[in-house]
Number of protein chains: 4
Amino acid sequence: MNPLQKFQIEVRVRYQETDAQGRVHHATYPNYFECARVEMLRAGGISYADLENQGVILVVTELGCNYLGGAVFDDLLVVEVETVRAKGTRIQHQYVIRRGTETLVTGHTVVACINPQGRPQPLPDFLRSIPSA
Amino acid sequence: MNPLQKFQIEVRVRYQETDAQGRVHHATYPNYFECARVEMLRAGGISYADLENQGVILVVTELGCNYLGGAVFDDLLVVEVETVRAKGTRIQHQYVIRRGTETLVTGHTVVACINPQGRPQPLPDFLRSIPSA
Amino acid sequence: MNPLQKFQIEVRVRYQETDAQGRVHHATYPNYFECARVEMLRAGGISYADLENQGVILVVTELGCNYLGGAVFDDLLVVEVETVRAKGTRIQHQYVIRRGTETLVTGHTVVACINPQGRPQPLPDFLRSIPSA
Amino acid sequence: MNPLQKFQIEVRVRYQETDAQGRVHHATYPNYFECARVEMLRAGGISYADLENQGVILVVTELGCNYLGGAVFDDLLVVEVETVRAKGTRIQHQYVIRRGTETLVTGHTVVACINPQGRPQPLPDFLRSIPSA
């Protein structure tokens, strides 16, 4: 399968990411989503850092998370990312975070492509042509 | 108006909360939402820290954010929180984050009430009776 | 006293800043130091955001922290900052973080003044002339 | 060499860890230090999560960082950790963070061993006997 369609990474929970309830703070997971997007691009031969240097900037315009269970310090999580739609100026991804067979978090994001002046610009061809789920 | 129904706080953007795009990182705003929830409770005479000590634990089960504009370092933001629904074991809040008259972020959360063993428990009466929007 | 010499702020501990040991994670306090530096400048009539826009960029080159006690969620801390030395291209500050009369953290930072190209530049006069502790 | 004496990990810089100066925020590096400590223990056959569950809690009592250069988004950093001293109730580590051959950050921490009631306790034998640098 094209890695730009579906990809997964492993993330080890850091101490700093937990909170006094003993679990990962809910605002941590969007960072795991972002790591998965970046590694998905890399697996597809694209460095997001290079993209930005070339003036192709992706900004998050929408985020949704559903928290079903709580990860704890040192958990080794699998973060799965899937491209739902890549069209015009926007890409929608969905995510599942698992610990073993247990689903802890599901979510989605929409990123929009802007230029260095902050104006929307069409996605580059290689992003627009990602086969979607 | 009952502060437990609608409340707002001011938040000053910290340097650490910005990212290399020069704006506040999108995973920061849920922390502002959380600060607003905590201060809303305090304004209503409730310390969330005390609640937890009494075994009433609120965990975030759902989060949604729409990013319309980007805050930058040192912005003084207004974070408005409103109780949409407080019933059974759950409270739903919605949020608007503004810089002056400009809306930067809207969002919502659902928190569920659990006991120290992690089981759902009914909201205490004073939370269940919050007049909703 | 000149606020640029000695100043203090209050900081309310956020949930996200705690960790699974139930206390504020040690990497959080440098952010409180930074907030105190920024507010100290503001109290002295200087917006650090404006300074950066004028090409006067302060980067942290040294950090030290001693942790004597642990803050917990919702603590209202006092963060005291004092200018120890402001000379050439560098400013040294020292910090004390207290909860009531209890000292929780002491520390220091050195910031260096650079230009937008990343080269050291002398501190502006109004920073170089801060009376030191 | 005993991994508990000297060890290194790789860390990929996340977007959230950068700030508006375009580099990694200075309060991020202590988290990289902590990841290195945890992985050093794991390489030596010790899970820090298990240690805590057995009532052996390590808390940071001292932190020092010197910032020589700035990492940027997506840098693949090497974080080297070395045990300087492990005696009584405390372990001192030192760190070097490199990007290729360039040293970006050096630092040290002291962790103290406490019990679940927060009282100092002697390091377990397997930690006290770490050969030091």
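Two residues are in contact if their C-beta atoms, placed from the backbone, lie within 7 Å. Helices (H or I, at least four residues) and strands (E, at least two) are DSSP runs, numbered from the N terminus.

The structure is a predicted model, in which local features need pLDDT of at least 70, side-chain atom pairs count only at pLDDT 80 or more, and totals for chains, interfaces and linings use all residues. Residues are numbered from 1 along each chain as its sequence is written, while chains are lettered from A and ligands numbered from 1 in the order in which they are written.

**Helix H1 of chain C**

Helix H1(C) covers residues 29-43 and spans 21 Å from its first C-alpha to its last, close to the expected 21 Å, that is, 1.5 Å times one less than its number of residues. Eleven of its 15 residues are buried, so H1(C) is largely enclosed by the rest of the structure. A residue is buried if 20 or more other C-beta atoms lie within 10 Å of its own, with C-beta atoms placed from the backbone. Among the buried residues are Tyr29(C), Phe33(C) and Leu41(C). The buried residues of H1(C) pack against several elements of chain C, including those below.

| Element of chain C | Residues |
|---|---|
| Strand E1 | 6-12 |
| Helix H2 | 48-53 |
| Strand E2 | 57-67 |
| Strand E3 | 76-87 |

Just after H1(C), Gly45(C) takes a positive phi of about 90°.

Technical notes. A residue is buried if 20 or more other C-beta atoms lie within 10 Å of its own, exposed if 12 or fewer, and partly exposed in between; C-beta atoms are placed from the backbone.
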